[in-house]
Structure formats: C-alpha cells, structure tokens
Amino acid sequence: MNRSTFRKIWGDLWTRKGRTLLVSVSIFIGVTGVVTLITAGDLLVKQLQEDIQEDELPMLEVYLRVPSSVGDIELQDQAYIDDLSAAFPDITAIEGQSSTSLDWKFADENRFREAYLFAYTNSFADKVLEPMRLVEGKYPQPGQQQFAIEQRMAEDFDLEVGDTIDVRMSGVAGFPTEQWTISAIVFHAYNDASDQALYADFADAPALTGIEGINSLTMRFTDYETAKTTREQVQTYVSANTPYGVVFALAEDPAQNSAIENTKQFRAILSALAIVAMLVSGFLVLNVISNLVTEQRRQIGVMKSLGATRSETFVIYGGIAVSYGVIGMIPGVLAGIPLGYQMAVIVGDFANTLIDSFAISPLAIVLGITLGLAVPVVSSIIPVFFGTRVSILDAMTDLGIGGNYRVGFVNRVVKSLPLPLNIKQSFNNLTQKKARLVLTTITLTLALTAFMGVSAVFVRLNEVLQDLLDQFEFQVIFQTTDAQDFDEVEALLFANVSGLEEIRPGSATGAALVGYVSPQTETNQVFVQGVVTDQDFEEGDFVEGRGWLDDPGRAGIVMSNEITKQIDKTVGDTVTLIIDSQPVELPIIGIINFPFPITMMPWQDLALLTGDTLGAPVANQYVTGIAVNDYTGTLPEGMVAAWGIDNSIAPIIEMIDGSFPVRDVPGVMVSAAFASNGNYALGDEIVISAGACLQPQAIMPAADMSTDTSAANTGTECVATLPIVGIFAMGQAPAGDASPAADPLTGAVSPGDEPADTSAAEALPSGDLPANEALDGAQASGEQPAETPAEAAQQLPDELVAFYWRDLAALQGIGLDGKPVPNAFYVLMQADDPDAREVDDMIEDINDTLGENGISADFTNMVEISDMAADSILSVGIILNLASLVMAAVGSIGLLTTLSIAVFERQKEIGVMRSVGAKSPTIIVQFLVEGVLVGILAWIIAAPLSVGLAWGLTNILPFGDFIEFAYPSMMFPLGLIGILIIATISSVWPSVSAARKTVSNILRYQ
C-alpha cells in the first residue's frame, strides 16, 4: 500500500463528508448498542454468579401454615426440624424461616411504612443456606430490641448502624409502638424483597409480628435427584407429624438457579439484538460501498489504465470501508462502556443484585471492536469484488443510468396509472436500482421487524399483567394473624373506617393435582383460590362451561386452560386434589383462560379443607353447657359444665373410681363435686339435654325425656340417658381451690363452691355458642381463653360432666368441621382509581381499627403491586426496545444515505426537470415518495417476520411458559405509522437538498 492509496482513501472520505458522517454514525450507533447491551447483561450475570453460590442454595423449599382449627398450641419448631432430619438421613442442612410484614416509621412520622421481617431458626452467624453477608455492625441479639437491615433498604432510606426506628408490636397486647435499633447492615443476595427487608432474632419475631412459628423450611440433600424424589414424602411427613399444613413444596437444582439462568437468557436476547443491530449497519455499508463503486467505475478504469492492479483497487475501497468502521467504532466503544454499566445498575434492582462499583466487560469491548471493524469489511467484499472486475473498456464507456435503462413490465404498469408525472418517476427510479432497493429495504425490514416484534412482546406482557390484576378488582388484601369471623370483621370495619365500598372473604392455598406436572417447576403443585361464587364471575369469564353462573352453590372446581390442556381434561371430568395430605375428588365445572396453573373453588369449601374454621371442637379445650335432669348445682337454672376430652388429658386427672369415657360407647365421667352434690355413684344414669334442647321451649320434663342411650352417638338427638362410667378429681386444680377464677359458663368470678351471681344467668351458653374455645363463657365475658388443656382445666368449675369430645359434639349437634373463616379479606374502596398512597392511607385506617380491637393483620397494597409490576415490565420493554430503536436509527440513516446518493447521482435529471419548469415542491415530493415507498415495502415484509420474532421471544423469555402467545393486532398499524414517520424524516433532507439544486450548479456537475 503506497502513498497514493492513502490519498485516494482520504480524498473519498473527505470529498463525501456527508456520506462518511452518515455511515460512521450508523456504525457508531451499532457498536454503542453492542457494547452497552452486552456489558449490561455480562455484568449482571457475573454479579449474580458471585453473589449466589451453588453450595449455599437449598434444593427443596416447603411452605407452611398453621390451620386455624389447630387451636392454641406451643410450637416446637426446633424439635420438628430435628425429627425431620432424623427421618430423612439424606438431608444435609435444614433451616426454618419466618417472614411476614412489619409496620415501621421514623420517629417524626405519623404514618407507618411497611417492610418485611425475616427471622431464622439458625442464628445469623450459623446460617448455612442462603446466608447473608455482614457489611457493617453486629448481628441482632435476642431481647435487645435490635434489627439488621438489608443494604439496599438502608441506602433507600439513608439508615445507618446505630439509627433507631419505631415499630408496631403486633404481638403485644394493644399493639404499642417501640423504638428498635439498627445493629447491622447486611447484604442478602438471596432475598427478593431486599429493598424492604429487616432481620430480627427468631425469639423476638412473635412479639414484633404476632405470628408464632415458621412459614417455610429450606433443605439441602446429598444430591438434587434425592431432593426431587423425596419431595412428596417430606410433605406427607410434615403434615402428619407437625401442626403445620403444607401449602406447597418446590424443588430446584442449585446448578440451574432460576435467577442466574433467567439473567443469562436475558443477556442472550440482548446480545442477539445488539449483534443484529450491528448487522443492519453492515447492510448500510454494503449499500454505500456498492454505490461508491458504481459511481466511480470510470475512476477504476483510469486507475487500471495507469497500472493499478485489481488487489490495489480492492485495498482502496476496502480501506474506505475500514475507515468508516474505525471512525464509528472508537467512539462507539467508549460511549458503550459507561452506558452499559449504568444500564446494569438500573436493571440490577429488578434482577435482585447490587452493582456498586464501576466495572467493564472485556467480552463487550472485544465484540464491539471486532464487529465495528469486521462488519464494514465483510459488507464491502462483495461490491468491491464485482466492482473491481470491470474492464478498462467497460469503465471508460459507462453511460451511467442511461446505459442500462430498461422499460420493463413494472414501468409500463406505472406509466398507465393515473398518477402525477413526478410520482410515476419515483416508482421508475426505484425499479432502475434494484440492488440498491433490495439492500435499503433489507436494512429497514430488519429494523422494523425488530421494533414491531419486541414491541409486540412488550404489549402482550402488559395485556397479561392487566388481565392478572383485573382478576383482583380490590385495592387492599389483608390476612389476619388469628382466624376471624368474616361477618364480625366486616361489621367492625364498616362501622369505623370511611371510604369502604365492599369487603369479600377469600381463601388460598397450594395443592397437589394428581396427574399434573408443571412445565415450569416439574411438580404437580397448583394454586387453589377460594372465591365468592355468586360475585366473582360474569358472563364471558369462562372459555368452557359456566362454573357457578347458574348455581352459586354448585359443587366443583374451575381450572385454567393451562392445566386442563396438560392433563387432557375438560368440563365434566373429575380431578383429584391433595390438600394438606387429604385427597379430594372434584368435577370440573368451568375452564378459564389464565396464564398460570390456578384452580378455583368456593372459599368456604376450601377453608374446610385447609382447616380455616371457627367453632370446631378441640379435644380437652372444648367446654360448653348442658342440663342434667333433677340436678341443682351452683350454676343458674341447673346448668352444668360439660367437658369434651380424650385420653391425653389423663396426666392432670385424678381418677377416684371407674374409667375414662370411650368413643362410641355410651357413658360419661363426672367430677367428685358433681357426684357429691347430686348423690350419684358409679353406674348411675343421668338424663342430659344439650344443643337445641337447651332452648326454653325445647326443654322437656323428666318423664318425657328419651331413655335411648344410643342417642349419645347418633348426632341426631340432643337428649340422652347415659351411665356414669368414672368419677374424678382435678389433679392440678383440686376442688375448693381458694384462688378466684372466672366461671367458664357465666363469666362471674367465684371462689370455690360459692354460688355464682344470678345476674349472670343471661350469659349461660345455649349449646350453639362457639365450641372451639376452651371456655365459652369466659370468651363471652371478655376473658382470654386458656392456651393449653392444663390451663383450661385450672379454670374449670368443680362440678363437671366429662364426655369423649366427639360424642359431646354429636349430642350438642355441632359438626366437627366448624364454621369456615377466610384466610384473606379483599377490600374495594369507594374512590375511583386510587393511587398507591391513597391505598396506603386506607390500610393505615384499617390497621388502626383492627389493632384497637386486638386483631393483627398482614396487608398487601394491590395498587402498589400493580405499579411495581408495570414498572418492571416497562423496564424490560425499554431495554428490549432500546435494541430495536438502535436498528430503527440505523435503518433511517440507511434510507437517508441512499436517498442522498440518489440525489447526487440524478443531478442531471433534476436539471432537466428544472429546465422544463418543475418547482421545488414537485421535486421534494418525488424524492419523498421514493423514501415512503421503500418504507411501505419494508413494512409489508416486516409484518409477518415480526410475528415470528414475537413468538420466538415469548418462548425464550423466562415468563414465556406462562403466556399464551398472541400477536397484538394493533402492532400492524403502529408499525406502518412508525415506518412512515421514519421514512418521511429520513427523506426530508435529501428531498429538500434536491429541490435546492439550481440549473447552473447542475450544469457544472461532472
């Protein structure tokens, strides 16, 4: 390569400065996009791989809940964990976790904020699975009112070690506000709620949240296959051997962590789009070099006549392409490095990672440099190769456009159309440069395909999100810590909180569906939602069947089509669900179009299956009132306390004579005080009235009472004659105890055997009071019920009749299931379209009202959830569209460059038009129409291609399995409008430039 070669390359670059600028800008945009997008994806994956260690990840997560019907018990979590480890020797590590909402605020604030409190059965320092990193300070100590705070939350609220915050103590009577100190700042890469995360010692959590126990178990096994095969056995064991019910269990291979794998997929998509954007630039270079070689055919002939070889000519035009690449590549790489870092920082919030120090991606830089140089060179090979083959004779006799002008079929068709002459000329000019038309169209087609396809996925995501949120028309969802009667909560809130439109009950849990295997989790787990059957559905909700539209009380289940397709079931078929280890067969009565594996059933039915009930009798804590014929004791109107027991109460019972009552065998056991007062002995029979028979009009005289002893166990009679099979004394609460105690039936405080105040007669239970409390009367008078059977026994009166608990329930006419209660309350506000702050204010009012009445709750702001989800999708859409916009920019520059070349080439044509009187608008329209026609042609080709791209992206993205592909029809007109705008903008400058040509300037051309 000699000096003349360099001068020739420099001369062409400088002489056509506009063209050089346009091509270099195109490469700059492509390289910037490559470096930016690949840097962002690469930094995210590297940071996640650094944060998330494979040997620290659990293989099985079991999510738990304590059913309401279990009653008040003392949970022994560490004992359950130890027993589980012993039962499954392949478990190498196991930990329990409690996570629930927590209300906190700064000292000078009036309104509480919501965060999530996490506590673990292992100490923070000994945490093996998903451990956190201590950034600053010391881990919280029990009883010291200390928190650890996640680093990202600390940064958001400018909190430091030693700062204090006020917290609402939801587990303390009256819900007082206490001041707690931040003792540590931690980084917890495994916590999805990192920007709202506080950590406390496990012993302190119940006082803070009002919730005892754990809500999940995380386990690691000797290998992942063992974890998968053992998953169902673990669920069954937990359900059978602990008070907890299993909501669902999820097994995940630590080697295929979903966070890392999803981010890798995201990086791959970004990289692919970035490289395609760079290839679009390559088509522009191909077009420009092809035009340049065609334009300089005579120069090539002259150089050959002077002795230039073909390889030297090749070097000249290849060198021009390389120069375009260098000019665009260098600033593109420099600009892409910081932009990629900033994008990684922003996207890191959604990927749950923290990039807090500047970093570069060597891979992105290498690819940026390589593509920035290689794409122009490779793109120039074909046009330069064919251009340098021209002979000296062909080059010297080239007549330009007139040399190969042909009047073909398309030209004849255009000529026959009733169009203005300049419009016809636009069509003819496009057909004369077919190669240029093809290259320009390909450039715009790629750009438009990417833009429409990516935008279609973005629009579809928004549609699915809105469909999901529309299923929840309510602004607030709250779950109470303890089971609450819906009617009572509803009345309480409407009486004390303004702005409420409606409150509905609900229930939800996880279940195993026999025969189903989720494509995402490889389990048979599905989500079961309890619904209000006469309110939650409308015409058009079902794609098959009618659900509860015709009969709200109809038994059955509604399923999403994602499930029914997988199990090959339809309306009328029967499916088997396993809820809390109980198999339940249900007919399918409706199918809905929903992107997630969800099933629906009446909330009352689901509550009974999950144990969310009130009023169900609990052995040894079941006390109610009965009447014994011809007996007069210390309680008003001859009433006697009846106690439902089983053999586990034996340690606190002192048997004087006889034995315990046995299930389904007629007989009762009476206290020594009852036997003495009524002059009863072992074997005597007593006539008992319970349940509905205690109503005044139902109490029969002794002579009319049934003597059929089988009535005690039929559940259809409320009067029975039963033998006394045992006489006992309370071992831990002997008769005559001098300490006063609340009478369980009247609520009066009476020492020993002294008669109760007769004014309390109205408080007597009538048999239909709630029976799951240890002391019905105590609850009625405002006393706290006993928490254990021993405590219940200490509060019982001396005169007792003890039944086997199931027989007492049958005699009283009480079902063993109890009254269903919701585990969630859905609140609809009166305000139209409230924002997240307004919903927060409503939550504050509801929380205060519940707190004043001793009810703690966990709240969800659905508007805030909606906003967060929309922001997440918007961020993903923006990033994906950034790549497509890069291609759109390159495409528009390509069209601009092509039309500029056309203007330069057709100066003689413009001069002829000017000489015959053509005005500037006529010339502008001609070139403008050429650009628009190319844009329309690109749209026709891009439309079907964008459908294929959208389908591919939907299936590649992490959420693709949850979304049924559908191409939004609105994208076709939007794509057309977009390309017309791009084509018009790209055509304006060349069109105006053509119109400004004067005849004198044109005559001096060449």
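Asp612 is found in the loop between helix 17 (603-610) and strand 19 (613-614); helices (H or I, at least four residues) and strands (E, at least two) are DSSP runs numbered from the N terminus. The model is predicted, so local features need pLDDT of at least 70 and side-chain atom pairs count only at pLDDT 80 or more, while totals for chains, interfaces and linings use all residues. Residues are numbered from 1 along each chain as its sequence is written, and side-chain values use heavy atoms, with hydrogens and water left out.

With a relative accessible area of 2%, Asp612 is buried (under 20% relative accessible area; exposed is over 50% and partly exposed in between, with a 1.4 Å probe and protein chains only). Its side chain is joined to that of Thr610 by a polar contact of 2.8 Å (a pair of N or O atoms within 3.5 Å; within protein, one must be able to donate a hydrogen and the other to accept it, and residues adjacent in sequence count only if both atoms are side-chain atoms). Beyond neighbours within four places in sequence, Asp612 is in contact (heavy atoms within 4.5 Å) with residues including Arg65, Ser507 and Lys819.

Helix 6 (residues 224-241) has 18 residues and spans 24 Å from first to last C-alpha, close to the expected 26 Å (1.5 Å times one less than its number of residues). A kink of about 50 degrees is centred on Thr230, the bend at a residue being the angle between axes fitted to the seven residues ending there and the seven starting there. At the N-terminal end, Asp223 caps helix 6 through a side-chain oxygen 3.2 Å from the backbone nitrogen of Glu225. Thr230 is among the buried residues of helix 6, and these residues pack against elements including strand 1 (60-65) and strand 13 (525-531).

Strand 13 also holds Val526, which counts as buried because its relative accessibility is 4%. Val526 and Ala511 are 15 residues apart in sequence and 5.5 Å apart in space, C-alpha to C-alpha.

The largest nonpolar core has 52 residues, and Ile289, Tyr317, Ile320 and Tyr324 have the most contacts inside it. Such a core is a set of buried Ala, Val, Leu, Ile, Met, Phe, Trp, Tyr and Cys residues joined through side-chain atoms within 4.5 Å. Helix 7 (258-295) and helix 9 (310-348) are among the helices that each supply at least two residues of this core. Apart from it lies another core of 27 residues, among them Tyr622 and Phe803.
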